[in-house]
Amino acid sequence: MPDLTLTTFDWVPEPPRGFVRDLRVRWALEEAALPYRVASVPFGPRDAEHFAHQPFGQVPWLTDGDISIFESGAILLHLGERNEELMPTDPRGRSQAKQWLFAALNSVEMAGLPWALFKFTGNDDSSPAVKFFDDFLRTHRLKHLEPVLASREWLAGTFSVADILMSDVLRLVDRFDGLADSPACRAYVARATGRPAFAKAHADQMAHFAAADKLRRAD
């Protein structure tokens with residue numbers, strides 16, 4: 001049995017499927033060709049064991065032997081530091097991969113996620129809050145990320161965990177057509193999600209929840 005176990009929800013409603021963050025970890029594991037198994041926890045009420053692994057009751061978490069790690073960024077960093085396929089080996093490249101990994105989380109996702117949540121919930125696009133987040137995302141994040149991604153194929157020279165995280169963050173924005181005026185960002189997402197490891201990770205996540213649908217109908 002593999003030492004690596006990825007834990008996610010046993011089921012989620014259809015709208016977030018394909019975007020649940022265990023996909024980021026599946027993608028990294030597939031890129032590195034690491035054997036792993038998938039475990040499930042209920043989407044409904046969460047028990048004490050769930051909170052012991054993930055104190056906010058979310059997913060995913062990864063167990064690596066006797067180590068348990070939560071937060072997708074921390075998991076990707078853990079895997080990247082152990083696998084040459086996921087992070088450059090030279091100090092400069094590793095530094096670049098790490099800084100862009102954190103930039104994806106702290107600079108881009110913190111702007112893109114609130115914007116996407118407004119879109120997801122169908123809020124009025126003319127409201128002041130929506131306009132604020134739209135301007136912030138486009139002017140203070142995508143505008144500055146666009147020339148970076150126009151000048152390079154991958155953030156740290158070679159494909160790394162930074163690209164898994166950044167492209168997944170941008171993929172959510174693109175879901176609601178937020179990259180329409182950012183062609184380099186959109187092309188970057190297309191490059192990243194065109195990789196076979198992403199296709200496998202995405203298909204596996206969708207199949208995981210589809211299998212849960214069948215079980216729920218049988219009950």
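So, Ala-33: you'll find that one in the loop between helix 1 and strand 2 (36–41). Helices here are DSSP runs of H or I with at least four residues, strands are runs of E with at least two, and both are numbered from the N terminus. Ala-33 has phi near 55°, which is positive for a residue that isn't glycine. Is Ala-33 buried or exposed? Exposed, with a relative accessible area of 66%. My cut-offs there: buried is under 20% relative accessible area, exposed is over 50%, and partly exposed is in between, with a 1.4 Å probe and protein chains only.

Quick word on what we're looking at. This is a predicted model, where local features need pLDDT of at least 70, side-chain atom pairs count only at pLDDT 80 or more, and totals for chains, interfaces and linings use all residues. Residues are numbered from 1 along each chain as its sequence is written, and side-chain values use heavy atoms, leaving out hydrogens and water.

Okay, another positive phi. Asp-177 has phi near 65°, and again that's a residue other than glycine. Asp-177 belongs to the loop between helix 6 and helix 7. Asp-177 is partly exposed, at a relative accessible area of 44%.

Pro-60 lies in the loop between helix 2 (48–53) and strand 3 (61–64).

Now the helix packing. Helix 5 (residues 128–150) and helix 6 (residues 161–175) pack at an angle of about 130°, with axes 14 Å apart. Axes are lines fitted to C-alpha atoms, for helices over the stretch in contact, and angles run from 0 to 180 degrees between N-to-C directions. That makes helix 5 oblique to helix 6; under 35 degrees would be roughly parallel, over 145 roughly antiparallel, 65 to 115 roughly perpendicular, and the rest is oblique. Who makes the contact (heavy atoms within 4.5 Å)? From helix 5, Leu-137, Leu-142, Leu-145 and Leu-149; from helix 6, Met-166, Leu-170 and Val-173.

Last stop, helix 7 (residues 183–193). Its buried residues are Ala-184, Cys-185, Tyr-188, Val-189 and Ala-192. Looking down the axis of helix 7, those fall within an arc of 140°, so they line one face of the helix. The arc is taken from the directions from the helix axis to the C-beta atoms. And what do the buried residues of helix 7 pack against? Helix 1 (22–31), helix 5, helix 6 and helix 8 (196–218).

Technical notes. Contact means heavy atoms within 4.5 Å.
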